[in-house]
Amino acid sequence: MVDLTLSVKDLFDRNTGGWNERLIRQFIAEEDVDHVLRIKPNPTRVDSMKWGFSNNGIYNSKSGYKLLENIQDHQAPVPNSINPGRRPSYAWRSILHVRDLLSQGLIKEIGNIEDTRVLLENWILETTPRPPNYRQDAMVDLTLSVRDLFDRNTGGWNERLIRQIIAEEDVDHVLRIKPNPTRVDSMKWGFSNNGIYNSKSGYKLLENIQDHQAPVPNSMPPLEKRLWSSLWKAKTSPKLRHFLWRIL
């Protein structure tokens, strides 16, 4: 029976000073029992959040890359339902910012064309990864798969069908993609040649987002507008521009 009010302290045996293994095995799936039993509680500290991919619990670019590797290896989406709480710390806000950045930089790499939806997944790359736009006069089918746009007889794209469905400005984006039948469709980082995240490509994505999202709202007073405009045009490193952007 699932009890959503169950607390970690309920799984601890205060008499022995260790985990109540019998109770844990009643509630926890077998594959996760050892994960729980290996955790060593620290009674001198309260339960708290930390970054899970570095030894000291603090985010750094190397550990961010490690997280991206894990996501790519398991073909899992970057989680988007994390609740930051009412007063998130600077470190926690930074982690969420990196999560959002990773989400916008991941692209579906077309392999054997068996597992990608044409209009629902990000599989073409322009400013950021996105689905192709569809023709306004086309009948929209959200279940359409990339394999439906491929001609197995010729071993290439069905250009006639693509031009019937995909908006003209995105047709060439699709036709330039070369499927790899030896690999399954999978997620990769879209801003590096090897598909792996690094800090330089992360800043490249930030630049693209900032350049195309017009960060200066029309409702801003003239002075603030000039400040924002000058910031994006400043001849300095992307890292420093991003730092100043976060301060403002």
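Mentor: Histidine 173 counts as buried because its relative accessible area is 17%; buried means under 20%, exposed over 50% and partly exposed in between, with a 1.4 Å probe and protein chains only. The model is predicted, so local features need pLDDT of at least 70 and side-chain atom pairs pLDDT 80 or more, while totals for chains, interfaces and linings use all residues. Residues are numbered from 1 along each chain as its sequence is written, and side-chain values use heavy atoms, leaving out hydrogens and water.

Trainee: In which helix does histidine 173 lie?

Mentor: Helices are DSSP runs of H or I with at least four residues, numbered from the N terminus. Histidine 173 belongs to helix α6, residues 168-176.

Trainee: Which residues does histidine 173 touch?

Mentor: Contact means heavy atoms within 4.5 Å. Not counting residues up to four places away in sequence, histidine 173 touches Ile124, Leu125, Glu126 and Arg130.

Trainee: Which residues of the largest nonpolar core touch the most other members?

Mentor: A nonpolar core is a set of buried Ala, Val, Leu, Ile, Met, Phe, Trp, Tyr and Cys residues joined through side-chain atoms within 4.5 Å. Here the largest has 17 residues, and Val118, Trp123, Leu149 and Trp157 touch the most other members. Two or more residues of this core come from each of α5 (159-165) and α6. A second, separate core has seven residues, including Trp189 and Tyr197.

Trainee: How much of the chain is buried?

Mentor: Of its 248 residues, 33% count as buried.
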